[in-house]
Amino acid sequence: MTLLLRTLTVFAALGTADLAAAAELSLAANTTGKNVSFMREQLGRFERQTGHKVNLVTMPSSSSEQFSQYRLWLAAGNKDVDVYQTDVIWAPQLADQFIDLTEATKDVVGDHFPSIIQSQTANGKLVALPIFTDAPALYYRKDLLEKYDRTPPKTWDEMAATAKEIQEKERAAGQADIWGFVFQANAYEGLTCNALEWIKSSGGGQIVEPDGTISVNNEMAAAAIDRAKKWIGTIAPGGVLAYQEEESRGVWQTGNAVFMRNWPYAYALGNGDDSAVKGKFEVMPLPAANDGEEPSSTLGGWNLAVSKYSDEQEAAIELVKFLSSKAVQKERALQLSQLPTIASLYDDPDVAAAQPFMPNWKPIFESAVPRPSAVTKVKYNEVSSRFWSAVHNTLSGNGTAAENLELLEIELTELKGDSW
Amino acid sequence: MTDLAVADPPAALGRHTQIHSDLKAQRVRSAWVFLAPTLLVLALVAGWPLVRTIYFSFTTASLTNPAGAEFIGFDNYLTWITLKSGRTIYRGLLADPAWWNAVWNTLKFTLVSVSIETVLGLVVALVLNARFPGRGLVRAAILIPWAIPTIVSAKMWAWMLNDQFGILNDILLGLGLISQKVAWTANPDTAMIAVLIVDVWKTTPFMALLILAGLQMVPGDVYEAAKIDGVHPVKVFWRVTLPLIRPALMVAVIFRMLDALRIFDLIYVLTPNNAQTKTMSVLARENLFDFDKFAYGAAASTMLFLIIAAITVLYMWFGRVNFEGER
């Protein structure tokens, strides 16, 4: 009798498993670098393992555009997308629309860095599970620095001086298109990241402090933005004012820049076979204002969240756990040079061999500066937009940093109202 | 005259009029029956969203919680508080410098782009109206920019305008017209010019097509008569062609103007967050979806609708007055 019951239970379990296996999921993911082809490959493995089917919905590489599309779908209670790839700053803004992953992931959550899990927790609810973390680096042309006998720069001014010297000498030598430094100064979220690094590394705070004070209007911050203003047209092309990550990588990867500020994904791509700078560059932490000071990198990173409108939440959670698993994160680190969120992978010999820079990255992102998304909550996007506009205005010569930051402070104070 | 006849119908015609009006009533009825599906669909896809948007603009709606909207009257448009010091602070869309900047950008863009496109479109249409071998092929070829989806052509131009690898800078450098690469979409001075270049490239064929249709309505004998009288071709253009294609031209301009006033896609791709090119639609979208200000964005959309409606009514009104005045 018990045997029969047991057999029945097994069959029943198999039956439900079969039912679950019929799930058809949709995953929205962005298209920066090789993310899409990597995702396709991993989803193929997931489909073979589980029998589920996963459609990939590709999103723009600009995170600002991606966010508004998500917001629209989620506001409409869209059931078509089950899993969303989300930026590190979105958890507090979209928390209501995603399911709580705490229960489902309690077996694996301990493997990830606690600070990253913390960043994806809003009001005690685990909104998303990380698939990789991000902290930008200063890319430099080892060959050019050696050629002109320069050391990798420790401060922003040293970087600018080296960039200027190499740019001038290389141009004189016939490299008409070379520039000293490329970064991201288009008016979008990426400029917020860049400018936050300049300001924070100069002791100018982090726009809005964790306690909610608006700190951005100070002399150090103004000096930091003015310093960046001087780069435009001298060591950086005027076009950086329209560059996002991929445009600056374009200049860099065709061998036309001495320095570049970018995220780790550009490391693997820069060493690809079609790259003009393959094997000629190295990465290091971003410069600081003065020698010996702590540099600051903006904390980035992407996560996966499950929509609360999804009809296939079980299977969706399975997919999230698969894509954030140690095996997939390792593969991601090897192929795409994206930083794992699982501590033990930093000691993995394969990772260290494929991406020699990576073990050194652990302290950098552990001390990375978060954007003020947790404290400004749903108003974060507007805070960021006002901030990048003020910076973009300054960089394009529309008012001085001091003037624009003073205005920004008034705008942010009005936006804050009684509380964030 | 008709008024008189209706007011005092001769007795003999009474029956006839009765039948006539029955017939007319029947025709009106069937006209309504045939129109009903169209009106219904229009009400559903255009009327309802419009009413919803206007409704949301009077509330505190947010995208996170659209159902929890509270009615606040005109606060999204304009509201003021008088501080204890006696100073009055205005808030809301109508007191927002970003909004007026967007309005100004849109009007500037519309005026410049539609003017250039009308002139160029007229020139192209005149050329295409002339007889020459291979005319059919040229007519088809000239439509290509219009046939490409705006998003695609905007992205294509974004690469052509790119400061480092863009072909435009390469050509201009090669010709010696510029001494160093211009950052077209990044530079505040050239951003609007870049947008205008792309828009003119894209929509001149549309203008040319509409004007060409007008040109083909002009009877050939008018030109023959002018030719026999020995009128100078320039005079023929100003005194014959232009007045005759005027209705077609007016329609073409109004179509373009309506399109230009709500320009969104081109600017969103080329220079999305640039204050120099931000138009009303771009600003409305930003508030609706990027920021947590759905109601404020709805107010901007409503204002956009009102401004376009007002400009269209004014244009049609002035257009007709002149038209009849000439006759």
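Reply: In chain B, residues 294-318 form a span that is 100% helix and 0% strand, with its end C-alpha atoms 36 Å apart. Helices here are DSSP runs of H or I with at least four residues, strands are runs of E with at least two, and both are numbered from the N terminus. The model is a predicted one, in which local features need pLDDT of at least 70 and side-chain atom pairs count only at pLDDT 80 or more, whereas totals for chains, interfaces and linings use all residues. Residues are numbered from 1 along each chain as its sequence is written, while chains are lettered from A and ligands numbered from 1 in the order in which they are written.

The span belongs to a set annotated by UniProt, in an unreviewed entry, as "transmembrane region": residues 31-51, 109-128, 140-160, 191-215, 236-258 and 294-318 of chain B. Those positions are given in the numbering used here, feature names are shortened, and annotations may be inferred rather than shown by experiment. Residues 31-51 of chain B are likewise 100% helix and 0% strand, and their end C-alpha atoms lie 26 Å apart.

Chain B is divided into domain 1 (2-56) and domain 2 (98-326), with bounds that come from an automatic or database domain assignment. The C-alpha centres of these two domains of chain B are 37 Å apart. Contact between them involves 4 residues of domain 1 of chain B and 6 residues of domain 2 of chain B, two residues being in contact if their C-beta atoms, placed from the backbone, lie within 7 Å. On the domain 1 side of chain B, the residues touching domain 2 comprise 3 nonpolar, 1 polar and no charged residues. For these classes, Ala, Val, Leu, Ile, Met, Phe, Trp, Tyr, Cys and Pro count as nonpolar, Asp, Glu, Lys and Arg as charged, and the others, Gly among them, as polar.

Between the chains, the contact takes 19 residues from chain B and 24 residues from chain A. The chain B side of it has 9 nonpolar, 6 polar and 4 charged residues.

Antiparallel strands β6(A) and β11(A) (residues 300-306) are joined by 5 bridges, and Leu129(A) has Leu304(A) as its bridge partner.

Within strand β1 of chain A lies Ser26(A), which counts as buried because it has 20 C-beta neighbours inside 10 Å. A residue is buried with 20 or more other C-beta atoms within 10 Å of its own, exposed with 12 or fewer, and partly exposed in between, C-beta atoms being placed from the backbone. Ser26(A) and Val54(A) are 28 residues apart in sequence, yet 5.4 Å apart in space, C-alpha to C-alpha.

Notes: Two strands pair if DSSP finds at least two bridges between them.
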